[in-house]
Amino acid sequence: MAELVSSICFFVTGLVFLFESYKIRVLRFGGSLGGDFFPKFFSAMVIAISSMWVVSSLVKVWKKKQATRLEFAPGGLRRIMIYLVGFIVYIVMLDLFGFFVPSVGVSLLTYLLLREKVKPVDFLTGSAYSLLVVTIIWFLFTKVLGLLLPSGRLV
């Protein structure tokens with residue numbers, strides 16, 4: 001049942017992001033794609049994938065005929081709250097520090113929250129992973145696609 005709730009939450013999040021992406025001012029930077037293309041594209045992908053996930057979850061619930069009771073893993077609600085607070089901090093830090101530093105931070109937070117038990121080596125592994133992923137994303141968006149990512153007021 002928790003899988004069904006998660007899939008519905010992702011679906012709703014995709015809808016909200018898609019709705020919000022229509023508020024993006026359309027600018028063209030010498031290419032054929034406007035600045036609103038990727039938010040709309042990724043929102044549509046989240047909606048499509050989460051729709052398949054909702055259907056899959058409904059089929060699983062229907063086959064098992066489980067009681068419709070929501071159960072979280074131990075510490076799950078605490079992890080969700082930590083992530084929500086971390087994401088709010090990420091949004092504030094985007095304005096101050098730009099894309100790169102806050103994205104590494106939220107990526108590391110996500111990595112650590114997905115671990116069952118966090119060991120000291122996980123900080124090193126997670127930092128390397130986060131730095132690599134954010135660097136690849138930055139490179140693809142700025143150098144390959146020629147798009148502008150947020151630049152901070154303090155950096």
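Let's start with Trp53, which counts as partly exposed because its relative accessibility is 30% (buried means under 20% relative accessible area, exposed over 50%, and partly exposed in between, with a 1.4 Å probe and protein chains only). Keep in mind that this is a predicted model, where local features need pLDDT of at least 70 and side-chain atom pairs count only at pLDDT 80 or more, while totals for chains, interfaces and linings use all residues. Residues are numbered from 1 along each chain as its sequence is written, and side-chain values use heavy atoms, with hydrogens and water left out.

The model has five aromatic pairs (ring centres of Phe, Tyr or Trp, taking the six-membered ring of Trp, within 6.5 Å; planes under 30 degrees apart are stacked, over 60 edge-to-face, the rest tilted). One of them joins Phe10 to Trp53 in a tilted arrangement, with 5.6 Å between centres and 50° between planes. This pair ties together distant parts of the chain: Phe10 sits in helix α1 (residues 2-21) and Trp53 in helix α2, 43 residues apart. Phe10 is partly exposed too, at 45% relative accessibility.

## Aromatics in α3

Phe87 and Tyr90 make another tilted pair, 5.6 Å centre to centre with 35° between the planes. They are about one helical turn apart, because three residues separate them in helix α3. An α-helix has 3.6 residues a turn, so residues three or four places apart point the same way. Phe87 is partly exposed at 31%, whereas Tyr90 is buried at 14%.

## The overall layout

Zooming out, the protein has five helices and zero strands (DSSP runs numbered from the N terminus: H or I of at least four residues for helices, E of at least two for strands). Of its 155 residues, 23% are buried. The accessible surface comes to about 11100 Å², and carbon and sulfur atoms account for 74% of that (Shrake-Rupley method, 1.4 Å probe; for residues, only the protein chains shown count as cover).

Over in helix α2 (residues 37-64) you'll find Ser57, buried at 2% relative accessibility. Beyond its neighbours within four places in sequence, Ser57 is in contact with Glu3, Leu4 and Ser7 (heavy atoms within 4.5 Å).

## Two salt bridges

There are two salt bridges (a side-chain nitrogen of Lys or Arg within 4 Å of a carboxyl oxygen of Asp or Glu). Asp95 pairs with Arg153, with their closest N and O atoms 2.6 Å apart. This bridge spans 58 residues, from Asp95 in helix α3 to Arg153 in the segment after α5. Asp95 is partly exposed at 39%, and Arg153 is exposed at 60%.

Arg115 and Asp122 also meet in a salt bridge, 3.6 Å from N to O. Here Arg115 is partly exposed at 33%, but Asp122 is buried at 5%.

## A nonpolar patch

Leu132, Ile136, Trp138, Phe139, Leu140, Val144 and Leu145 form a nonpolar surface patch with about 630 Å² of accessible area together (patch residues have over 30% relative accessible area and no salt bridge; like charges are joined within 9 Å, and nonpolar side chains, meaning Val, Leu, Ile, Met, Phe, Trp and Tyr, within 5 Å). Phe139 belongs to helix α5 (residues 120-144), and is partly exposed at 44%.
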